[in-house]
Amino acid sequence: MASDRTLSPETRERTTAPALSGGERGRSGGRRRSRPRAWLPLLPVTALYLVQFVLPLAVVAVTAFQTSAGPGVITSDLTLGNFRKVLTDPFYLEMLGRSFVLALGTAVLTVLLGYPIAWALARGRSWMRTVILVVVMTPLMTSSVVRSFGWMVLFDPESPILRFFGPLADERTGLMYTMPGLLIAMAHVLLPFMVLTLYGIIDRLDPTLEHASLNMGAGRVETFLRVTFPLTLGGVFAGMLLVFATAISTFVTPKLIGGTQYRVLATEIYEQSVQLLNWPLASAMALLLLLIAALTNFVYASLTRRIPGGG
Amino acid sequence: MSDLEITGLTKRYGTEPALDDVTFTVSDGELVTVLGHSGSGKTTLLRSVAGFIEPTSGDVRVNGNSLLNLPINRRGIGIVFQNYALFPHMTVRQNVGYGLRVRRVRKDELRERVDRELERVQLSAYADRKPAQLSGGQQQRVALARALVLEPSIVLFDEPFSNLDAMLRDGLRRDLRQLQRRLGFTALFVTHDQREAMALADRVAVMRSGRLVQYGPPQEIYNRPSQVEVAALLGRSNLLRCLVGERDATPVLEWRGQPLVADDPIPAHAGEVTAFIRPENLVIEPPVEGAASRPNVITGRVVSADYFGSASLITVEAGNGEPILVEARHNALSDQDISVGAQVGVRIPREAIRILG
């Protein structure tokens with residue numbers, strides 16, 4: 001056996017040294033100097049935040065537990081009735097489920113559409129990258145009202161693009177007021193978030209890893225499945241959570257494309273608070289939405305910390 | 001039996017050639033190092049052989065069969081990458097077994113071959129670790145094992161030791177050379193480190209500006225460089241611009257008024273040539289009166305002396321104001337005064353002078 005060993009003892013000896021010093025470095029790197037006055041410049045924004053966000057939120061939180069006695073009238077009897085209604089009434093449960101399906105569907109759709117785009121953005125020639133970047137970023141600078149109106153025109157039953165979506169469309173309304181139409185419009189609105197998240201991850205992926213895989217005999221598809229995709233999985237999750245959290249609280253697109261058929265959390269909150277003036281119920285739904293967003297955020301944070309390439 | 005034959009290989013980016021008509025053959029079982037600065041085309045050469053770059057023209061053949069029409073994943077050439085390119089999401093074992101898994105090798109055979117390879121590079125104890133948990137030297141060995149487990153007949157090395165410290169590098173270099181001899185694979189090893197290039201190689205291919213400027217055994221490359229740039233690439237040297245004169249119908253050299261006699265043939269009507277002398281071939285002597293006119297003996301003043309233990313590197317300013325580098329081994333210096341400022345004689349043995357065009 002000994003004759004088969006090819007490493008001389010001195011080599012073996014030395015290879016252990018860097019590992020030790022690495023640990024040493026890690027410890028000293030963790031030390032941080034405290035900066036006692038670092039919070040001072042944050043004072044104005046903190047004050048603004050308190051008045052603008054924390055205070056109204058506290059009002060919402062309290063209102064959620066109060067009772068509505070007709071439109072615009074609140075009695076201060078504390079109750080869990082608003083939450084019970086949202087979480088047990090079939091009408092609201094369906095609406096919640098629809099919000100989830102829409103947000104999740106949008107997240108999945110943006111991954112499918114966004115991955116190839118992000119790939120081309122990270123690995124394409126420079127002129128191609130510029131074109132893609134402009135195409136992807138422009139929607140971000142356009143109001144979502146305008147973008148949704150655009151889709152309303154395209155989703156008309158007379159619209160030429162409906163030929164491609166034939167079986168998905170409704171005879172009378174085309175893709176308007178349908179789930180597929182809503183998904184397409186939502187995916188378009190939120191695609192930039194997915195593309196930019198994935199781009200960050202793919203761009204940081206060392207292309208020699210893929211070269212190594214090809215060199216060892218794997219084909220392009222196998223290389224993608226065994227190396228590229230697993231190493232960008234963190235980005236896929238991060239992007240999906242980001243899109244999910246945004247999609248579930250989106251208001252404009254569901255309102256315009258979904259109409260009254262496709263009520264979701266955000267549109268329902270709007271309806272209850274602005275039109276029906278049932279503020280306690282609206283507040284309860286708003287808190288629920290906040291909870292979902294917070295949970296998504298929490299998962300996002302813990303995932304990006306653990307998955308390779310996702311940080 | 002795997003000869004690697006590179007003929008007329010050219011790669012142009014726009015009009016700029018990164019690789020310019022490179023032709024050489026690596027014989028079966030031979031280890032050839034490709035030496036050059038960054039931008040010399042050595043990496044382009046390696047990547048063209050591997051298939052990551054499609055050459056503009058020329059051919060790469062293994063045993064007479066062109067590789068160029070084969071896709072990357074069917075070339076059967078192993079590579080050890082400069083940054084190792086280990087898959088960070090896989091363990092050491094999974095990394096080494098990757099190529100076998102892709103080839104759908106049976107599970108028990110895969111395990112056996114991976115174990116044997118890990119044993120060979122002394123990493124059996126680290127099989128279940130992730131690459132990030134290993135030191136640089138260990139990662140380098142995983143990369144080597146991953147290439148060798150597929151039993152390639154040709155292995156390419158892309159500066160695999162450049163990220164390691166010098167001491168570790170020496171050991172790994174010896175290990176690699178031993179392993180290569182024993183397994184008998186043909187190897188092309190790219191490096192910018194001239195010590196590494198010479199210590200490893202059967203033959204060295206020196207590249208410059210995309211061209212192959214010299215190809216031969218290390219001794220030949222070191223002692224008989226084909227041009228000034230090759231000489232400069234392989235360690236310290238004295239490159240003395242000399243006028244070619246004539247005395248008694250034979251050409252003679254004159255270095256700033258100092259006559260030099262060389263064994264190397266001098267081209268008769270060259271006008272000016274460069275005399276190339278390695279510093280270790282020069283001899284420090286006590287100064288001699290009136291030496292200026294004597295051929296091959298220079299008198300000068302020591303302007304710097306760097307002590308390296310086994311030897312000293314001494315810069316002598318000759319009478320004509322030009323510096324000359326001498327590497328003197330210490331047993332040869334015994335009781336000479338070579339402190340800075342001392343007057344010394346430097347003898348240039350006539351057989352130590354090479355004439356470069």
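Me: Why is B:S209 called partly exposed?

Reply: Keep in mind that this is a predicted model. B:S209 has 14 other C-beta atoms within 10 Å. Buried takes 20 or more and exposed takes 12 or fewer, so with 14 B:S209 falls in between and counts as partly exposed.

Me: What makes strand 10 of chain B an edge strand?

Reply: It belongs to an open sheet of six strands in chain B, ordered 6-7-8-3-9-10, with mixed pairing. Strand 10 (211-216) pairs on one side only, and so does strand 6 (77-80), which makes these two the edge strands. From one strand to the next, the twist averages 20 degrees.

Me: Which helix lies across strand 6 of chain B, and at what angle?

Reply: Helix 4 of chain B, which lies across strand 6 and also strand 7 (154-158). Helix 4 runs at about 175 degrees to strand 6 of chain B.

Me: What does helix 4 of chain B bring to the largest nonpolar core?

Reply: That core has 99 residues, and among the members touching the most others are B:V34, B:A145, B:L156 and B:F189. Helix 4 (residues 136-148) of chain B supplies the largest share, six residues. The core also draws at least three residues from each of domain 1 (4-233) and domain 2 (238-356) of chain B. Apart from it lies another core, of 56 residues, including A:L96 and A:V236. As a general point, nonpolar side chains in soluble globular proteins tend to be buried together.

Me: Which residues is B:A145 in contact with, leaving aside its neighbours within four places in sequence?

Reply: B:V96, B:E117, B:L118, B:R120, B:V121 and B:L123.

Me: How do you know that the two domains of chain B touch, and how far apart are their centres?

Reply: Five residues of domain 1 are in contact with five residues of domain 2 of chain B. On the domain 1 side, these divide into three nonpolar, one polar and one charged. The centres, taken over C-alpha atoms, are separated by 40 Å.

Me: Why do strand 11 and strand 12 of chain B count as paired?

Reply: Pairing takes at least two bridges, and five join strand 11 (residues 238-247) to strand 12 (residues 250-255) of chain B, which run antiparallel. B:E246 has B:P251 as its bridge partner in strand 12 of chain B. The hairpin has two residues between the strands, and B:D248 takes a positive phi near 55 degrees.

Me: What about strand 12 and strand 13 of chain B: how many bridges join them?

Reply: Three, and strand 12 and strand 13 (residues 258-260) of chain B run antiparallel. With at least two needed, they count as paired. In strand 13 of chain B, B:L260 is the bridge partner of B:L253. This hairpin has two residues between the strands, and B:R256 has a positive phi near 50 degrees.

Me: Is B:N296 buried, exposed or partly exposed, and why?

Reply: Partly exposed, because B:N296 has 18 other C-beta atoms within 10 Å and buried takes 20 or more. B:N296 isn't a glycine, yet its phi is positive, about 65 degrees. B:N296 is in the loop between strand 15 (283-285) and strand 16 (297-307) of chain B.

Me: Over to chain A: which helix holds A:A61, and why is A:A61 called partly exposed?

Reply: A:A61 lies in helix 2 (residues 43-63) of chain A. A:A61 has 14 other C-beta atoms within 10 Å, so it is partly exposed. Chain A as a whole has twelve helices and two strands, and 34% of its 311 residues count as buried.

Terms used
Residues numbered from 1 in each chain as written. Chains lettered and ligands numbered in written order. Predicted model: local features only at pLDDT ≥ 70, side-chain atom pairs only at ≥ 80, totals over all residues. Domains from an automatic or database assignment. Contact = placed C-beta atoms within 7 Å. Nonpolar A, V, L, I, M, F, W, Y, C, P; charged D, E, K, R; others polar. Core = buried A, V, L, I, M, F, W, Y, C linked by C-beta atoms within 7 Å. Helix = DSSP H or I, 4+ residues; strand = E, 2+ residues; numbered from the N terminus. Axes fitted to C-alpha atoms, helices over the stretch in contact; angles between N-to-C directions.
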